[in-house]
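Dear colleague,

Please find below the structure I am handing over to you, followed by a summary of what was found in it.

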Amino acid sequence: MSPEINLEEQFQARIDAGQKIEPKDWMPEKYRKTHIRQISQHAHSEVVGMLPEGNWITRAPSLRRKVGLLAKVQDEAGHGLYLYSAAETLGISRDEMYEQLHTGKAKYSSIFNYPTLSWADIGAIGWLVDGAAIINQVMLTRTSFGPYARAMVRICKEESFHQRQGYEIMLGLAKGTPEQKEMAQDALNRFWWPSLMMFGPRDEDSPNTAQSVKWKIKRKTNDELRQQFVDITVPQAEFLGLSIPDPTLQWNEERGHYDFGEIDWNEFWQVVKGNGPCNKERLAARVDAWEEGAWVRDAAMAYAEWKEKEKIKKAV
Ligand code: FAQ
């Protein structure tokens, strides 16, 4: 048996025994690459995800709503930073990850390529998008790679606040004037299907799921998580008095789950490939932020170098 095969077997045995893998441990190259891909795409999603909501900070309808939204968007920047740091432990630099985002090589979640047309969209994002993110991320708190799992614990606590602030916005609108209720329904109509797409392709069309489940990177499949989201969210919509835009949606007594309609997979892949309603705008905003921030990075580096020289001067 070659030493490599032996190492792979030992690695799988550690995973099967529920042990966490740490950055300096031996790992198969594909395990490392899968994590770099997934964690960096997750980080990019948090950072690009600030854009649709940032659009409404100056237009929030009250000071209370503005403060809540501002805090949420700041949290997302923080999530991006924890995640970039977790990916860096695997031997990729932050500059390389940014480069992959800015050149379109790295993906980020499809959901952030949809526009936020009304204030109700901010409620729908908190309720549905953060709701979907939590379901996916609670599973990731038990993922096999230590730094990713630990980052997820804190992120999930914050996502849970985000989901509640979104649901509370929806509640206010749904119990408000007929026009406000209509706004809430319109936001649900536009965000429902893209939220279901966040969980990724159907299991049979997901090239990464089988291996990721074996390595306990994913503890549940895309379809299992999507079903969990539908089951949790339908009663929440009923409480709001809003209707899910899916005429085929119904409770299946036998399965103990809701049956729901087919996702428009053509739309999903179009958005993933860069042809969604806001892909170009989102990427342009990130590239501009990178270029306009060059002087800040240069100044921080110059300051750090100066500080270091001062320290050496004092020491001699
Ligand atoms: N969008 O084989 P699979 C948030 C790609 S955070 C774009 O199933 P995998 C917080 C996938 O990358 C939201 N691309 O892949 C927030 C792969 O392409 P590749 C982000 C997608 O990795 C809230 C290909 O399709 N969360 O929302 C999507 O096993 C509010 C085949 O797919 C995470 O990133 C998609 N929806 O499973 C922020 C969680 N789905 O890379 C602001 C961590 C799939 O091979 C405001 N990620 N693709 O070229 C995961 O759990 C997984 O990566 C999945 C996809 C489940 C997303």
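Glutamine 38 touches Leu140, Tyr148 and Ile217, with residues up to four places away in sequence left out; contact here means heavy atoms within 4.5 Å. Glutamine 38 belongs to helix α2, where helices are DSSP runs (H or I, at least four residues) numbered from the N terminus. Glutamine 38 counts as buried because its relative accessibility is 15%; buried means under 20% relative accessible area (1.4 Å probe, protein chains only).

Please note that this is a predicted model, in which local features need pLDDT of at least 70 and side-chain atom pairs count only at pLDDT 80 or more, while totals for chains, interfaces and linings use all residues. Residues are numbered from 1 along each chain as its sequence is written, and side-chain values use heavy atoms, without hydrogens and water.

Oxygen atoms of the ligand lie 2.5 Å from a polar side-chain atom of lysine 107 and 2.8 Å from one of serine 206. A polar backbone atom of proline 207 is 3.4 Å from a ligand oxygen atom.

With kind regards

Note on methods
Polar contact = N/O pair within 3.5 Å; in protein donor to acceptor, adjacent residues only side chain to side chain. Helix = DSSP H or I, 4+ residues; strand = E, 2+ residues; numbered from the N terminus. Buried < 20%, exposed > 50% of the residue type's maximum accessible area, 1.4 Å probe, protein only.
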